[in-house]
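Please walk through this structure step by step. Begin with the chains as they are shown below.

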Amino acid sequence: MERFDALVIGAGHNGLAAAAALGARGKSVCVLEKSGVVGGMAAEGRLAHLVYNLSEGEKRRLGVNLAEVDTVSLSPDGAHAVVRRGAAGFADGRAYPDAAAYGALHARLVRFAGVLAHLAEAPPLGLDGGLASFASLREIARLGKVGLGLKRLGKVEMREFLRVILSNAYDTILDELPDGPLAGALASDAVRGAWAGPRSPGTVFSLIYRLGHGGAVYRPEGGMGALAEAYAAAARGKGCEIRLNAPVARVLVEEDRACGVELADGARIAAQAVLSSAGPLQTMLLAGVAHFDIEATRRARNMRAKGSAAKLNFALSGRPVFTGLSEAQHHARLLVAPSAAAVERAFNPAKYGELPKSPVLEMVLDGTRFSVIASHVPTEPQGGWTRAARDQLEKVVVQAIEAHAPGFAGLVTGCEVLTPADIADLTGAPGGHWHHAEMGLDQVLTLRPIAGNARYALAVQGLYLCGASAHPGGDVTGLPGRNSAAQLLADGVL
Amino acid sequence: MANHDSYDAIIAGAGHNGLTAACYLARAGLRVLVVEKNDWIGGAAVSRSLEPGWTYSNCSYVCSLLRREIVRDLDLPRFGLQVIPYEGGATFTPDGDYFAYYSDHDALRREIARHEPRDVDAYDRFSRTVIRQCRFIRPFLLRNAPDPTSLKVRDLQELLFLLRRANGLGARELAETMRFWTMSIGDFLDAHFESPLIKAHLAGSGIIGTGLGVYSPGTAYVLLHHYMGDVDGAIGAWGFARGGMGAITRALGDCLTEAGGVIRTGAGVERFIVDDGRVKGVALDNGDIFFAPVVASNMDVKRTFLRHTARDQLPEDFLRGVERFKIRGSSAKLNIALDGMPEFPAAPEGAPFLRGDLHCSTSLEELERAYDDWKEGQWSRNPYFDMLIPSQIDPTMAPQGKHMMTVFVQYAPYDLEKDGIRSGQHWDDAARQALADCVFDKIEQACPDIRFGWSMPRCARRWTSNARSG
């Protein structure tokens, strides 16, 4: 039987990051991917079409050229807002009346994100053995660092941090800005991919998470596919093997130790450690639920992961023209999020399994390809994602775009609709959720993805989570994978 | 000639919290003055006879959270406070069934099994968690919250107390606590129960009095808040104050007077007198001025600092914080005088749960939709309500043979939206009538003859839209 030190299930960016981290320490690693492409959700044409929240270190490691882009938040009255990080203006070059307030709010949120960044770079605080146990001293030291970062903010800012961190994005934004496309842009960033509206408490946390590392938005040169390839190349460069079209049927367990996997074609591969990019429940099912206690499986079953974003990949016969935008502005990140209230309203129908009437859109134009993320959509609409439901979603999205780009509908030659159900099928992400598990306050840090499994290890020895469901969560950061590999090594499994 | 007396402490507002503070201070030997703008005391815990023979508790209507330590310290039963526990409650469905909540554990298990056998064990798991969390939190209610930005000994001590309590929970419970404080009641119930009806019945405690929906994170804690009280030591029990909720503030008022405190009604505060960053006393609307080195305000933080304190005496960032403080009324109240006990055809003859809290919301989705209406500045077309008929237990509330019904309605906005503008002025008679009709339509789900049970022709429905939540 073939043998590796470690097997990684899923060649998403996190699986590849985990493999590369283990490979860098001289371990033999094989990555098993069920589909024919690497990158998972970041593969070309899948859900992700832009990159945020990427640390300088990760950018260097990957060596991909990232072009920072503006964000254009389209306004129904034609007064579109153009944003780059904390700077805001009108699309026609006029000064935005609330630019200063926006800049101050953005700067504050980015500062808060900086304080929390320490927490994302390492496994979260464990609770085993209580708060004051000797084992957790190192973690307490790390928490101390966060505390120190907070202290450095000064008393006023620290109070502000404690006030807003548990709060909702809607109030936090509208305390500073009048409602409109600028507030709408921030509100939509707080909840894109989340099963929450901006009025849900905890959405400031998700906004801060997205604004990690300065809040810049990047387009990778060569598209998302290039970024996915860079992750794969980094893993291969460390000696890892990547096998495509190799779906794993089950994880082999002997005496409560993971000892390899069996592929769908019946082939078996032995290993001392198995890392899974799937969610906790899917991973437990692969290993067999009999190996886990009832409470753990119950928690896994109840993990919140309802996908709320759909992706529409349009093929166009020509270039769409958006009213009021310059040639260059067409290549920005385009948003339809006219106000924070509209973003909240866009979440309402999804809660009841209904299709959106006025969805919030994030759009990226690439030649004659037009990539659109529509939110919020129901994870599974009443009656399921039938042909009619997909057509209806496409129709609503085209209408919303047509309002800003007259003639758009006539340019459409094809449209691929990826619903949360499709994304779940393609990538294995639980519920097709952007972050694999909702980034609610009850599912972050020590509680991510489920209480008792925050430190990547599951109850079966040598079985680890390395996907976005694990700490710190989604977005193309590679951190869950890298942290998982580090924890696995620290635990002495290899 | 205006009064110019001075006191050791002045309390602005004779609500139950202002009176409680005053009682403690007076019993500690201080000379205390309570000033109240209304001609009566009680704030939101007040009972008044708006129709001859019927007593209404206008705002708050049931009692559980009044801490027993306070009842004992101030010896309130001696001043006439008597809290009568009520048993259980029920949610009625449109198809003529109901889910009854009994305080008898076996009866409750049988009732749950009637709807969903799988939920019987789930309920035990659920209530175990809730009780554990209550035990953890209760000691904090009688302490001051630490300021984590401060390094003062007192704050550090409080922080240490919190950490030690948390550490004592053990890893599993600690994780459960953190989740409980951050989850929505909807997600929490979804993780335990199968039956939509049972979930809807239990969810009410998670949203009542808030501007949040059943799926808004943080509402699981709100449920806890409503399970934390007791009646005579029976944890989680709720009861009626005999004679209405005003009995509580009447007892507090009498307690205060006996301890030598002074209450002045019809004496609204015009402004707090502040000089050089220190409070000196209060100036009243009627021209009276009273001095004291300490003034406590029972008014909300916005009223206190934005309306009644000179702006130039307060730091700018503090004022900004006050201006941003969110107070969003979300509830309305219908007080209904009934000619007799209404029929509940679904309920068995003499069912004990009719003496408890009655509801008609049958799914979490229905409750969440009610919240969506409110977000848009509308009252819920299909509202949640908490309905009780206290005169079944406390005959002092209505004339012989008649009854009084209290219906707490959620959600109703303070600023009603009309033609794109939100304003409290939009609550005209037509809007009030429309809200009442909407509530009555839904009450008919439980008792179809409710509209015939009004005390006519003196239609004595009164309602209050809470200006403030709580």
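Which side chains meet in a salt bridge with an N to O distance of 3.3 Å? They are those of B:Arg271 and B:Glu270. A salt bridge here is a side-chain nitrogen of Lys or Arg within 4 Å of a carboxyl oxygen of Asp or Glu. This is a predicted model, in which local features need pLDDT of at least 70 and side-chain atom pairs count only at pLDDT 80 or more, while totals for chains, interfaces and linings use all residues. Residues are numbered from 1 along each chain as its sequence is written, chains are lettered from A and ligands numbered from 1 in the order in which they are written, and side-chain values use heavy atoms, leaving out hydrogens and water.

The surroundings of such pairs can be described by relative accessible area, where buried means under 20%, exposed over 50%, and partly exposed in between (1.4 Å probe, protein chains only). B:Arg271 has a value of 37%, so this residue is partly exposed. B:Glu270, with 39%, is likewise partly exposed. Another pair in chain B is B:Glu116 and B:Arg118, whose closest N and O atoms are 3.0 Å apart. B:Glu116 counts as buried because its relative accessibility is 14%, whereas B:Arg118 counts as exposed because its value is 56%. In chain A, a salt bridge joins A:Arg192 to A:Asp189 at 2.8 Å, N to O, and both of these residues are buried.

Over all chains, the rule counts 64 salt bridges. Some are linked into a network, made up of A:Glu295, A:Arg299, B:Arg132, B:Arg172, B:Glu173 and B:Glu176.

Next come the domains of chain A. Domain 1 covers 2-63 + 222-303 + 437-490, and domain 2 covers 101-213; the bounds come from an automatic or database domain assignment. Their C-alpha centres lie 26 Å apart. In all, 22 residues of domain 1 are in contact with 22 residues of domain 2, contact meaning heavy atoms within 4.5 Å.

The area buried between the two domains is about 2,000 Å², and carbon and sulfur atoms give 59% of this area. Buried area is the accessible area (1.4 Å probe) that two parts lose on being put together, summed over both. A:Asn53, A:Leu441 and A:Arg455 supply 28% of the area that domain 1 buries against domain 2, more than any other three residues.

Two salt bridges are found across this interface. A salt bridge also forms between A:Asp475 and A:Arg210, with the closest N and O atoms 3.5 Å apart.
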